[in-house]
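Subject: Structure for your review

Dear colleague,

Please find below the structure that I am handing over to you. My notes on it follow directly after.

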Amino acid sequence: MSANSPIRVLIVDDSAFFRSRLKELLAGDGRFRLVGEASNGREAVERVRELQPDVVTMDLEMPQLNGIEATREIMRLAPVPILMFSSFTVSGAKATLDALDAGAVDYLPKRLEDISQHRSELQHTLCERLYSLACPPSPRPLGAAKMVRPLPPVSRPIEASRSVAQLIKSPLPPPKRLSQIKLVAIGASTGGPVALQQILSLLPADFRVPLLLIQHMPATFTPAYAQRLNQLCAIEIREARDSDALKPGLALLAPGGMQMSIEGRGVESALVRIRPAEAHETYKPSITSISRVEPANTLVIILTGMGADGCKGSQALKQHGSVIWSQDRATSTVYGMPAAVAEAGLSSLILPLADIGTYLAKV
């Protein structure tokens, strides 16, 4: 895809009604060109191989192959960024997480009321998501990257100076500095569910510090996501509750649609606070809501995602002595959040995803 050519979109949905509505939404944005449609999963695989679109919208419940099966097959044969459309229900959450495991990189709700009552908002969200997934500097989704261009098994970290353009190779921070870390906070958005899973699965059961996980995700998704992570990882992971205590080896996931912070004199006595997000808060939850309890002993990791959430909070934490790591451009599904932190000169280290969990285990 050249810089000036429109983004080629393939729509996959067994409902002719929803295909028509999606076509109408895309038609209002000159950045996109519809190259084809598919009404079932098997046809989707064939159309992807034939048309080579830049991005695909994928339904979940379809005949022949469902969205999860079709996604898995596409990522095996002809990798391309896939945006899932699913219901934001308990069953929809599980299915969407399965689709992300299969190689999809993002998801949106499939709700008739959004099309009929919130059309302009849905159009803006849909088009921005598709644009961020299809256009440089966003690389291919993680599943595709592994098949097309494998990451080095062990990549050296990069130390950030004032400008990202001035990055130099550097060893990991001295063990003494890492040994002082008492709290780890990780923020992520688009591409984050898979990235977090990869990182946390590398941590030992006796990981010595507590973790706070802030993933942009709907409220119905976070319980299922926390449960899935807990089943896959050695450490304990669950959705956070108000008044939770921080414990070594326990990762608390911020509830979707809420804001999570901590309060107390120190990490050992700190308690989690959960509150409803306010109207002006775009990201729910947000990494910026993490309070400054022992910031000099806090490690903040900013992963893949759209926007600049985390930059302001990271700047304040950095000023109080926090260590900031960010995911690198090459392994980010969307290089928005980590780019904002790196370009502001806040990142102590810029790491490929494959290395973050390995280095984090040394804390």
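The second largest cavity holds about 40 Å³ of space. A cavity here is a set of points, on a 1 Å grid over the protein atoms alone, where a 1.4 Å probe fits but cannot get out; points are joined across faces, edges and corners, and a volume is the space filled by probe spheres set on them. The model is a predicted one, in which local features need pLDDT of at least 70 and side-chain atom pairs count only at pLDDT 80 or more, while totals for chains, interfaces and linings use all residues. Residues are numbered from 1 along each chain as its sequence is written, and side-chain values use heavy atoms, with hydrogens and water left out.

Leu97, Leu100, Asp101, Pro193, Val194, Gln197, Tyr225 and Arg228 line this second largest cavity (lining residues have an atom within 4 Å of a point). At least two lining residues come from each of α4, α9 and α10; helices (H or I, at least four residues) and strands (E, at least two) are DSSP runs, numbered from the N terminus. The lining comprises five nonpolar, one polar and two charged residues, where Ala, Val, Leu, Ile, Met, Phe, Trp, Tyr, Cys and Pro count as nonpolar, Asp, Glu, Lys and Arg as charged, and the others, Gly among them, as polar.

Helix α4 spans residues 90-102, and its 13 residues reach 19 Å from first C-alpha to last, close to the 18 Å expected (1.5 Å times one less than the number of residues). Its buried residues include Leu97 and Leu100, buried meaning under 20% relative accessible area with a 1.4 Å probe, protein chains only. The buried residues of α4 pack against α3 (67-77), β4 (82-86), β5 (106-109), α9 (192-200) and α10 (222-232), with contact meaning heavy atoms within 4.5 Å. Gly103 follows α4 and has a positive phi, near 130°.

The largest pocket has a volume of about 960 Å³; a pocket is an open set of points with protein on both sides within 12 Å along at least five of seven lines. Its lining has 31 residues, of which Leu108, Thr125, Arg129, His216 and Thr282 are the closest to the centre. Two or more lining residues come from each of β5 and α6 (119-134), and α6 gives the largest share, six residues. By class, the lining of this pocket has 12 nonpolar, 12 polar and seven charged residues.

Yours sincerely

Definitions and conventions:
Buried means under 20% relative accessible area, exposed over 50%, partly exposed in between (1.4 Å probe, protein chains only).
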